[in-house]
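Please have the sequence and the structure open while reading.

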Amino acid sequence: MTIATHIATFLEKSSWIRKMFEEGARLKAIHGAENVFDFSLGNPYMQPPETFKEKLKAIADSEQIGAHAYMPNPGYPFVRQSVAQYLKKEHNADITENEVLMTCGAAGGLNVILKTILDPGDEVITPAPYFVEYGFYADNHGGTLKTVQTHPDFTLDLDAIEKAITNKTKAVLINSPNNPTGQVYSKESIDRLGEILSRKSRELDRTIYLLSDEPYRKIVFDGTRVPSIFAAYPNSLVVTSYSKDLSIPGERIGFIAINPEAQYKTDLVSGMALANRILGFVNAPALMQRLVAELQSESVDISHYARKRELLCNGLRDCGYDFVKPPGTFYLFPRSPIADDVKFVQALQDELILAVPGSGFGGPGHIRLAFCVDDQTIADAMPGFEKAIRKFK
Ligand SMILES: Cc1ncc(COP(=O)(O)O)c(C=O)c1O
């Protein structure tokens with residue numbers, strides 16, 4: 001064995017993603033990329049906003065001494081100040097730069113948090129369907145991911161979460177707007193979750209953190225608001241990135257914000273600064289930090305995603321697909337017409353449509369479609385979507 005058994009097992013576990021990737025490449029080579037309808041990846045197709053490019057050029061041209069040097073591990077103080085200023089309004093909380101730590105994307109941020117809070121054997125509870133990397137991240141730091149099903153419309157099943165909490169639970173990790181379902185959890189459910197965590201922490205005499213992974217916070221439709229977790233529960237942290245809303249996932253920039261009311265705030269801040277360093281990130285990319293400091297309220301034009309959502313939902317509804325219309329993100333999670341979602345994904349592939357089986361997200365019997373594609377792809381794929389469902393309905 002050339003690599004660790006553990007990683008070899010993980011490779012095997014995630015092999016369906018690899019297979020789909022390979023299958024997509026094979027189909028594109030045979031039929032031409034323009035004839036394959038690829039809904040498989042959450043890779044934003046839109047260009048970043050114009051202001052991103054303008055400011056990037058200006059920052060690249062500046063002659064500031066030390067602009068490329070090491071910095072404090074949590075990031076430049078002026079950048080964290082700018083983020084805090086924005087968060088103050090967005091979360092209606094008294095956040096300062098001391099509660100903000102710049103990270104290498106949301107993925108980097110999640111690993112920093114989990115490295116800081118998990119002891120071996122600790123459990124992290126997450127509602128399913130969920131972003132599949134969470135299991136790997138928990139494992140990276142000696143923890144285990146425990147999933148709890150949501151209701152059929154993908155809203156939180158709070159009773160199930162409460163039942164899942166034990167004296168091993170260290171955190172509950174939510175993701176709203178959610179990948180893969182697009183669901184946004186209501187303020188009422190977040191408040192109730194906060195009450196449950198307060199009660200359980202007291203009962204078990206144990207700090208249980210509420211973690212909210214929010215890279216899609218700005219990608220919401222029809223006036224949807226994503227409630228803040230900070231008012232609901234003190235021992236809480238938000239982790240996010242600019243990957244999706246600025247269309248820059250390759251630039252690896254995001255941040256963690258700690259609830260100013262968190263009980264062990266000083267320890268968390270020190271622990272996370274150290275974790276950022278010793279995980280090998282050291283600090284978030286310097287150039288991107290400078291840039292996002294000036295782009296706090298910016299995003300790509302969300303109306304494009306709103307339009308794509310309408311195109312896809314209307315088209316699929318007419319073909320007979322069943323789904324919850326997503327209030328946020330650029331994902332749709334329709335029910336597969338047959339229980340075997342992998343088989344249905346294969347039927348879609350026969351029509352040159354690439355989707356991901358819901359099983360891979362802890363949501364069997366569904367498929368995930370990422371609609372961060374151009375309008376034409378959605379329109380051109382419709383006859384194939386119809387043909388595929390007709391085989392089973
Ligand atoms: C729910 C969720 N969390 C975290 C990430 C990772 O984001 P980033 O690329 O900013 O690290 C993604 C990326 O798709 C995601 O969907």
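This is a predicted model: local features need pLDDT of at least 70, side-chain atom pairs count only at pLDDT 80 or more; totals for chains, interfaces and linings use all residues.

The ligand sits in the largest pocket.

**Ligand shell**

**Polar contacts and cover**

- Tyrosine 216 places a polar side-chain atom 2.7 Å from an oxygen atom of the ligand.
- For arginine 252, a polar side-chain atom likewise lies 2.7 Å from a ligand oxygen atom.
- Lysine 244 has a polar side-chain atom at 2.9 Å from an oxygen atom of the ligand.
- On its own the ligand has 390 Å² of accessible area, and the protein covers 91% of this.

**Strand β2**

- In a regular strand, side chains alternate between the two faces of the sheet.
- Strand β2 comprises residues 100–103, and both of its faces are covered.
- Val100 and Met102 lie on one side of β2, Leu101 and Thr103 on the other, and all of them are buried.
- Here buried means a relative accessible area under 20%.

**Pairing of β2 with β8**

- Strand β2 runs antiparallel to strand β8 (residues 254–258), and four bridges join the two.
- Methionine 102, one of the buried residues of β2, has phenylalanine 255 as its bridge partner in β8.

Conventions: Residues are numbered from 1 along each chain as its sequence is written. Side-chain values use heavy atoms; hydrogens and water are left out. Buried means under 20% relative accessible area, exposed over 50%, partly exposed in between (1.4 Å probe, protein chains only). Two strands pair if DSSP finds at least two bridges between them. A polar contact is a pair of N or O atoms within 3.5 Å; within protein, one must be able to donate a hydrogen and the other to accept it, and residues adjacent in sequence count only if both atoms are side-chain atoms. Accessible areas come from the Shrake-Rupley method with a 1.4 Å probe; for residues, only the protein chains shown count as cover. On a 1 Å grid over the protein atoms alone, a cavity is a set of points where a 1.4 Å probe fits but cannot get out, and a pocket is an open set with protein on both sides within 12 Å along at least five of seven lines; lining residues have an atom within 4 Å of a point. A molecule sits in a cavity or pocket if more than half of its atoms lie within 2 Å of its grid points.
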